[in-house]
Amino acid sequence: MTHIHERPPEGAAADWTIPQDWSAYTPRDHAMWDRLFARQAAMLPGRAVPEFMEGLDILRMTKPGIPDFTELSDRLMQRTGWQVVAVPGLVPDRVFFEHLANRRFVAGRFIRTPEQLDYLEEPDVFHDVFGHVPLLAHPVFADYMQAYGEGGLRAERMGAIDRLARLYWYTVEFGLIRQGDDLHLYGAGIVSSHGESIFALDDPSPNRLGFDLKRLMRTKYRIDDYQQSYFVIDSFEDLLRQTVETDFAPLYHALEGAPDLEVDTILPEDRIYTLGTQAYARGRFTKEDRLP
């Protein structure tokens with residue numbers, strides 16, 4: 001995880017939060033949210049995990065316009081004890097983990113421009129709120145997010161944030177879940193992206209592999225395009241159980257001597273849902289492209 005500032009910028013509180021200033025949004029801002037929302041809401045049913053779609057309804061996010069964080073937090077607090085707080089941008093790891101550990105989800109308050117419709121470098125309010133918040137209404141996933149924040153604070157003390165960041169990336173941001181015979185989307189980076197919502201399930205290019213905590217934490221990831229491998233969890237309950245019951249200290253120690261795995265690596269022990277062709281990536285990237 002990266003951040004821009006070392007200290008809270010002017011106007012931010014000590015915990016980096018700022019007012020959302022909802023009244024400052026323009027009709028054009030709200031129209032951009034509505035455009036993005038309509039596009040995703042039309043194509044996600046049957047693709048996104050049902051719990052995500054239920055969260056949109058539970059939190060009344062189908063209401064037009066950018067959500068007011070105060071109203072959204074009131075509904076979320078009643079459901080799972082979480083709230084949404086505005087921040088000026090990407091925040092330091094410790095700040096991020098502390099908020100999650102205390103059931104606060106940090107969200108940017110700006111909305112992308114029409115020129116950034118399909119891609120922007122820094123997460124905006126649509127990615128943060130549409131992508132992340134609906135699943136925070138699901139009690140088990142809400143507990144997982146808190147457990148991840150608590151684990152992040154421990155990882156910081158052990159110098160293992162980079163390893164734990166991969167868990168966040170391949171679950172919270174780009175995770176798939178198996179329900180019955182089908183795979184569904186739940187990662188915020190997928191459900192908030194029109195292109196990746198299709199690519200992650202339908203394209204023959206990426207690998208789709210069974211979730212394995214140690215293997216996942218050795219695996220690099222793409223920050224500049226669609227993923228070359230996705231990891232599939234069996235259930236939110238199993239994801240929470242593995243996160244809570246695993247002693248990460250010896251795991252981090254074991255990983256110190258283990259080489260990183262490239263994004264397209266297949267191991268003999270992998271549970272393979274889809275053996276990807278990697279055709280998309282071969283057409284986009286060279287061996288010189290570096291990955292975190």
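Author: Let's start with a term: helices (H or I, at least four residues) and strands (E, at least two) are DSSP runs, numbered from the N terminus. The model is predicted, with local features needing pLDDT of at least 70 and side-chain atom pairs 80 or more, while totals for chains, interfaces and linings use all residues. Residues are numbered from 1 along each chain as its sequence is written, and side-chain values use heavy atoms, leaving out hydrogens and water.

Our spot is the largest pocket, with a volume of about 1,500 Å³. On a 1 Å grid over the protein atoms alone, a pocket is an open set of points with protein on both sides within 12 Å along at least five of seven lines, a cavity is a set where a 1.4 Å probe fits but cannot get out, and lining residues have an atom within 4 Å of a point. Volume is the space filled by probe spheres set on the points, which are joined across faces, edges and corners.

There are 49 residues lining this pocket, and E121, P123, W169, E173 and I223 lie nearest its centre. By type, the lining splits into 21 nonpolar, eleven polar and 17 charged residues (Ala, Val, Leu, Ile, Met, Phe, Trp, Tyr, Cys and Pro are nonpolar; Asp, Glu, Lys and Arg charged; the others, Gly among them, polar). Several elements supply at least two lining residues each, including helix 4 (93–101), strand 2 (104–108) and helix 13 (279–284). Helix 7 gives the most, seven residues.

So who does helix 7 pack against? Its axis comes within 10 Å of that of helix 12 (residues 248–255), and the two cross at roughly 105°. The helices are therefore roughly perpendicular (65 to 115 degrees). R163, L164 and L167 of helix 7 touch F248, Y252 and L255 of helix 12, where contact means heavy atoms within 4.5 Å. Five of these contact residues are nonpolar, none polar and one charged.

The structure also has one cavity of 30 Å³ or more. The largest cavity, about 30 Å³ in volume, is lined by G131, H132, L135, F141, V172, Y186 and A188. Its lining has five nonpolar residues, two polar and no charged ones.

How values were computed: Axes are lines fitted to C-alpha atoms, for helices over the stretch in contact, and angles run from 0 to 180 degrees between N-to-C directions. Angles under 35 degrees count as roughly parallel, over 145 as roughly antiparallel, 65 to 115 as roughly perpendicular and the rest as oblique.
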